Amino acid sequence: RIGGDTASFLSNDAAHQRSWRQQIKDGTRIQVRVRDMDSLLAESGVECIDIAVLDVEGAESDVLDGFDLARWGVRCLVIEDLSRGRNRVLRVSLGEQGYDHAMRIGLNDVFVKRGDAIAQRAHVLCGQP
């Protein structure tokens, strides 16, 4: 059994790996095949994505590294941010890719593609011009 806190803010650094190993009581080793979003979506036959939701316990940057937002035409991203806005890395990275932060809903940040019609609707919802 593994404690839930260990999975939060997931990273694959040495400290995180040590923490997981310490919590595994039975010594069972589990191998998981890792795939990026681009290969999963290509295999699925999907051609375009309007909205993508990421809730991956701190591994958002890792997921986005393998997710070509332009290729899939992603118009809106909803991304859980357990840092409550303290970690600005995603905002900067997505801004460089043409996404604006539209709003925060609970623990989730909503990003919309700059210039897309959905961006105007998001600004209206937020009471912005």
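## Contacts and overall fold

Contact here means heavy atoms within 4.5 Å. By that rule, and leaving aside neighbours within four places in sequence, leucine 64 is in contact with Leu54, Leu69, Ile79, Leu90 and Leu94. The model is predicted: local features need pLDDT of at least 70 and side-chain atom pairs count only at pLDDT 80 or more, while totals for chains, interfaces and linings use all residues. Residues are numbered from 1 along each chain as its sequence is written, and side-chain values use heavy atoms, with hydrogens and water left out.

The chain has seven helices and four strands, where helices (H or I, at least four residues) and strands (E, at least two) are DSSP runs numbered from the N terminus. Along the sequence they follow the pattern α-α-α-β-α-α-β-α-β-β-α. Among contacts in the chain with a separation of 6 or more, 55% are accounted for by residues 24 or more positions apart. Of the 129 residues, 29% count as buried; buried means under 20% relative accessible area, exposed over 50%, and partly exposed in between (1.4 Å probe, protein chains only).

## Nonpolar cores

A nonpolar core is a set of buried Ala, Val, Leu, Ile, Met, Phe, Trp, Tyr and Cys residues joined through side-chain atoms within 4.5 Å. The largest such core holds 16 residues, of which Leu64, Phe67, Leu69, Val74, Leu77, Ile79 and Leu94 touch the most other members. Two or more residues of this core come from each of β1, α4, α5, β2 and α6. A second, separate core has eight residues, including Cys76, Met103, Val110 and Val112.

## Salt bridges

A salt bridge is counted when a side-chain nitrogen of Lys or Arg lies within 4 Å of a carboxyl oxygen of Asp or Glu. The count by this rule is seven. One of them joins arginine 75 to aspartate 50, with the closest N and O atoms 3.6 Å apart. This pair links distant parts of the chain, 25 residues apart: arginine 75 is in the loop between α5 (69-72) and β2, and aspartate 50 is in the loop between α3 (37-44) and β1 (51-54). Both partners are partly exposed, arginine 75 with a relative accessible area of 22% and aspartate 50 with one of 40%.

Arginine 91 forms a salt bridge with aspartate 109, again with the closest N and O atoms 3.6 Å apart. Here helix α6, which holds arginine 91, is linked to strand β4, which holds aspartate 109, across 18 residues of sequence. Arginine 91 is partly exposed at 26% relative accessibility, whereas aspartate 109 is buried at 4%. Aspartate 109 also pairs with arginine 104, the closest N and O atoms being 2.9 Å apart; arginine 104 is partly exposed, with a relative accessible area of 30%. Salt bridges with shared partners join Asp81, Arg91, Arg104 and Asp109 into one network.

## The second largest pocket

On a 1 Å grid over the protein atoms alone, a pocket is an open set of points where a 1.4 Å probe fits, with protein on both sides within 12 Å along at least five of seven lines; lining residues have an atom within 4 Å of a point. The second largest pocket holds about 270 Å³ of space, the volume being the space filled by probe spheres set on the points, which are joined across faces, edges and corners. Its lining has 18 residues, and Gly58, Glu60, Asp81, Asn87 and Leu90 are the closest to the centre.

At least two lining residues come from each of α4 (60-65), β2 (76-80), α6 (89-96) and β4 (108-113). By type, the lining divides into seven nonpolar, five polar and six charged residues. In this division Ala, Val, Leu, Ile, Met, Phe, Trp, Tyr, Cys and Pro are nonpolar, Asp, Glu, Lys and Arg are charged, and the others, Gly among them, are polar.

Glutamate 57 lies in the loop between β1 and α4 and is partly exposed, with a relative accessible area of 26%. Although it is not a glycine, glutamate 57 has a positive phi of about 50°. Most residues other than glycine have a negative phi.

Arginine 71, in helix α5, is partly exposed with a relative accessible area of 47%. Not counting residues up to four places away in sequence, arginine 71 touches Asp38, Ala42 and Glu47. Arginine 71 and cysteine 48 are 23 residues apart in sequence and 8.1 Å apart in space, C-alpha to C-alpha.
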